[in-house]
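Hi everyone, thanks for making time this morning.

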Amino acid sequence: MTDLSTRIQPDKDQDAHTIFVVDEASYDPWLQSRSAAEKAMLIAQDFRPKPHAHAILPGKDTQEWSVVTAVKDRAALGAYCLAKLPASLPAGRYRLDGAKAGKALFGWLSAQYSFDRYRSSPDADAPAQDTAARVLLTQDVAALPAILAEAKATALVRDLVNTPAADMGPTALEAAAEHIAKDHGAQLIVTRGEALEQGYPMIHAVGRAAAKHHAPRLIEIQWGKADHPVIALVGKGICFDSGGLDIKPSSGMRLMKKDMGGAAHVLALAQLIMSANLPVRLHMLIAAAENAISGDAFRPGDILTSRKGLTVEVGNTDAEGRLVLGDALTRAAEYSPELIVNFATLTGAARVALGPDLPALFANDDALAQDLLAGGTERDDPLWRLPLWDDYADLLETDIADLGNASASGFAGSITAALFLQKFVPDKVAWAHFDTFAWRPSSKPGRPKGGAALGLRATWAMLQHRYARRHASDGA
């Protein structure tokens, strides 16, 4: 993973190339102040003040030059408005002229992420050495640690999701959790084998067909003071999803290394929470399994008894994520949290409805939903709320069990999946469920193709506003 820590630095009057930031309203007045040579260069480069456009302006010698770049709104820079520049500009130090970078610092860092673990030599377009970096100097010194923490958390999600399933099975997820727990003095609890079969039967059933070195497990991190409010983060950690006996077509399996994207999100959130010493009692849970096929695979028509005691008829073995989450949510509820947030790459229906960029948000609490949506707006990490429509609950009914894991109907797939999960959440606990894609099928500035953190920074903003502010108001 690229070392992002040097890509933004405090501005201490070092030599640097100037970046002039313009928008459509400010461009003409700015242009009138430039030299004839610069105007000619802008014409030659066919520069127009459209977002992400940029041009290089000549200086007195080959080492002295500047950049003009266009944004949507110069007065309120978005997270990704400068994100095309690190991939386009020569290596060196840069500073903005008369504009505060603000949250655009995140996009500058995010754009310099690279995943080259499996390359025989590093990507020439993503130099690893600091001397070849694109560094943005800023006077927003106080903001640097928080921005860097978010960029590192985002990179962690990308790294975990981009790693092939052979190298990112349940054992590797456990190792990632152990590393984060050790870094922050947290307690790691892992349940596997007979204890998993007895205590978390749905996680065991989904993962029992996998090879021994990919055996299923429940991974937990506990951290924080006992007198702080308990919050639970629950992640779907299906490290590869064949579909089970209801096997996916090969095209459907191609990206199933990303089916542990929910686990990647909660690991990154746990890292953010502990790094910031947020005043909460954190309980992070990952239901880790590989949905494989063997003679011991669970079958359509099987009846599973969940940790909660509810019986579930398996209507489709490819609807396995909600099964493992059901047991993990039950475990989370046993600690009486005031908040549960789960992340899962749960349904194709959410992608059909919202596409790859927007995670579907479900919540049983309107105030929580509004705080999450506000966090998404604040961090340029958009969400879209879908309803927990109770009238669709009958689609999960079955003749011989308490509920089914899949509806026979083709309608409202993401909603019925959320309603299934809600069965395992206590009514009085505020709960949010993210049905996220965790993947970008194509690149955008600052957001490369591949593993993606979607909903991560929105949730982090919500947690900061709720708990850091409460801590301050309590006089702690």
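Let's begin with K248 and D318, whose side chains meet in a salt bridge at 3.0 Å, N to O. K248 sits in the loop between β9 and α9, while D318 sits in the loop between β12 and α11, so this pair ties together parts that are 70 residues apart in sequence. K248 counts as buried, at 17% relative accessibility, whereas D318 is partly exposed at 26%. Please keep in mind that this is a predicted model.

How many salt bridges does a search of the whole structure find? The count is 25. Another one joins R217 and E174, at 2.7 Å, N to O. Here R217 belongs to strand β8 and E174 to helix α6, so the link spans parts 43 residues apart in sequence. R217 is buried, with a relative accessible area of 5%, and E174 is buried too, at 14%.

Now, over to strand β10, residues 281–291. Is it largely enclosed or open? Of its 11 residues, 10 are buried, so the rest of the structure largely encloses β10. Strand β8 pairs with β10 in the antiparallel sense over seven bridges, and E220 has L285 as its bridge partner there. Strand β9 pairs with β10 in the parallel sense over 11 bridges, with K236 opposite A287.

Finally, follow the chain into the loop between β10 and β11, where I293 lies. I293 is partly exposed, at 41% relative accessibility. Together with L245 and I247, I293 forms a nonpolar surface patch with about 260 Å² of accessible area.

Technical notes
Residues numbered from 1 in each chain as written. Predicted model: local features only at pLDDT ≥ 70, side-chain atom pairs only at ≥ 80, totals over all residues. Heavy atoms only, no water. Buried < 20%, exposed > 50% of the residue type's maximum accessible area, 1.4 Å probe, protein only. Helix = DSSP H or I, 4+ residues; strand = E, 2+ residues; numbered from the N terminus. Pairing = 2+ DSSP bridges. Patch = residues over 30% accessible without salt bridge, like charges linked within 9 Å, V, L, I, M, F, W, Y side chains within 5 Å. Areas by Shrake-Rupley, 256 points an atom, 1.4 Å probe, with all protein chains shown as cover. Salt bridge = Lys/Arg side-chain N within 4 Å of Asp/Glu carboxyl O.
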